[in-house]
Amino acid sequence: MAATRRGGGTAGRRPPKAVDASARALDERFGTTGFARKAMRKAFPDQWSFLVGEIAMYSFVIILLTGVFLTLFFKPSMHEVVYDGSYTKLKGVEMSEAYASTLKISFDVRGGLLVRQLHHWATLIFIGAILVHLLRNFFTGAFRKPRELNWLLGLAMFVLVMFNGLFGYSLPDDLLSGTGLRVVEGVTLSVPLVGSYAVMFLFGGEFPGTDIVPRLYVIHVLLIPGILAALIPLHAVVLTWRQTHTQFPGKGSSNTTVKGYPFFPVFIAKTTSLFLWVLGVATLLAAFVQINPVWLYGPYDPGAISSGSQPDWYMGWLEGGLRIMPAWEIDAWGHTLSLSVAIPGLVVLGLLIGGLAAYPFLERWVTGDHATHHLLDRPRDVPARTGIGVAGIVFYGVLWLAGGNDVLADRFEIPLFWTTWFFRGAVVLGPLLGYAVAYRICVGLQRRDLGLAEHGLETGVIRMSPDGRFSEVERPLPDAEIAAITDPRPAVAVPLDVPPDLDGVESPRARGGVRRMRAALNRRFRADLAAVPEQTPVDGNGAGRKEITGSGSAAKR
């Protein structure tokens, strides 16, 4: 195994006296030696998808470093000043100190524009990496016991980063960010009963007021980063090191053993190079790809709006929902509930985040699976879960695209109402179609895997038998290449079927609509789960090999 280390000529050499004394002192006070030895030997599976979480962590480091630089020059104040800086097109224009200091960072501070764009690009990479990491955990079932808490922590970080990004690009007080704050005000107002009070508390009076930028600055710079600084080590280090690392089936992996490379020196070398790659890519983007040019938008004016205003991609679902939602409202008892804002801003967010938070527990209730899982599922092996995940992605994607319905109508020269009604239909039908297509693809991939395991790889060579029949020569694959298909693994779900009536008497387990619904969902979930094909020894010339016979739902079809 690659993790095995062999002794060298320096194995018996003692460390320098100062290093040895420091290590002994730390061990006497904190007991670090035992943990360090165990940590250095911890095995990490060699699979690219496990590195996505590290991309997020390193992006956060870049955000912190660049954010410290920006705080030295940014002034979180809405006090009105007359601009007299280097950008001549805005000279003499009244603006807030926040916007003026942003222009100063961009044009007068050496390296300020590069750092400001690096901060923005690192944030986008951070949120994107968290989302991809979240989806990888969902599709592989990494949220199951004993990692439910880690799943909830990751989801909480995603929500915090998403809103902190919104607060961050609202700080410059330019026309685009001010438009985003107007949307925030509208969504807050739509909260039943307490909406108007929440707006007065948040903005310190009528919109836009003079307190919102200083308050967002404290949240953006201190509160949320402080929470993230506590959650990220807990999520990525403490729980990960305390628990067995997850891994994909095959290559000798099992639910009780981890096959991979040691933390030191292999993983250390890989993760260091990955940090340099993340830093390099973010710096190249900041240097050559312009983002959020606030000087083109001008200072915020409540009576103006720029054409084609679009938020950052991670808030596109809110923009799209607001654009395609019909103008519905309810008037009752002297109060007006604006559904056209409340549903996109509150209900959709609740469905996305609440559904993700509750899913691990809902799946456990449906499957009856309470076992510990360290071995991941391949997405194709659990079609129902994969279909649900794809349906969620399509739902999110349609809302994101709907946020640019005006841009699409303008570019393709079609009526705006056409794009609006298209997305209204797509947001309902798209997830259903996505579920069905993903489900069938998973079943098809299971059949392909079973064919590879049973017959081998098609070679393209055609042979004619003595009786005149033609057949293709197939090359059997070695066990290592089909291990992900043939290796045993824990069951994903257990049968929860309702027992039939006995002598006309209904079983107690069959009583109640909830139990029947659970049994029906359980049957639907188990319908096309991949089954490990049966292996039997082959006699005669095939001694030493195994004949693989398909079983399970994929094989029966």
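1. Start with Ser170, which sits in helix α6, a run covering residues 148–170. Keep in mind that this is a predicted model.

2. Is Ser170 buried or exposed? Its relative accessibility is 1%, so Ser170 counts as buried; the cut-off for buried is under 20%.

3. The Ser170 side chain has a polar partner. It reaches the backbone oxygen of Leu166, at 2.7 Å.

4. Which residues does Ser170 touch, leaving aside those up to four places away in sequence? They are Ser177, Leu181 and Leu216.

5. Now the aromatic residues. Searching the whole structure gives 18 aromatic pairs. One involves Phe60 and Phe126: the ring centres are 5.6 Å apart and the planes meet at 35°, so this pair is tilted. For reference, planes under 30 degrees apart would count as stacked, and over 60 as edge-to-face.

6. Where do these two rings come from? Phe60 belongs to helix α3 (residues 52–71) and Phe126 to helix α5 (residues 112–140), so their pairing ties together parts that are 66 residues apart in sequence. Both Phe60 and Phe126 are buried.

7. There is also an aromatic cluster. Ring pairs join Phe138, Phe139, Phe143, Trp151 and Tyr359.

8. Arg424 lies over the face of Trp421. The distance to the ring centre is 4.6 Å.

How values were computed
Residues are numbered from 1 along each chain as its sequence is written. This is a predicted model: local features need pLDDT of at least 70, side-chain atom pairs count only at pLDDT 80 or more; totals for chains, interfaces and linings use all residues. Side-chain values use heavy atoms; hydrogens and water are left out. Rings of Phe, Tyr and Trp (its six-membered ring) pair if their centres lie within 6.5 Å; planes under 30 degrees apart count as stacked, over 60 as edge-to-face and the rest as tilted. Helices (H or I, at least four residues) and strands (E, at least two) are DSSP runs, numbered from the N terminus. Buried means under 20% relative accessible area, exposed over 50%, partly exposed in between (1.4 Å probe, protein chains only). A charge sits over a ring if NZ of Lys or CZ of Arg is within 6 Å of the ring centre and within 35 degrees of the ring normal. A polar contact is a pair of N or O atoms within 3.5 Å; within protein, one must be able to donate a hydrogen and the other to accept it, and residues adjacent in sequence count only if both atoms are side-chain atoms. Contact means heavy atoms within 4.5 Å.
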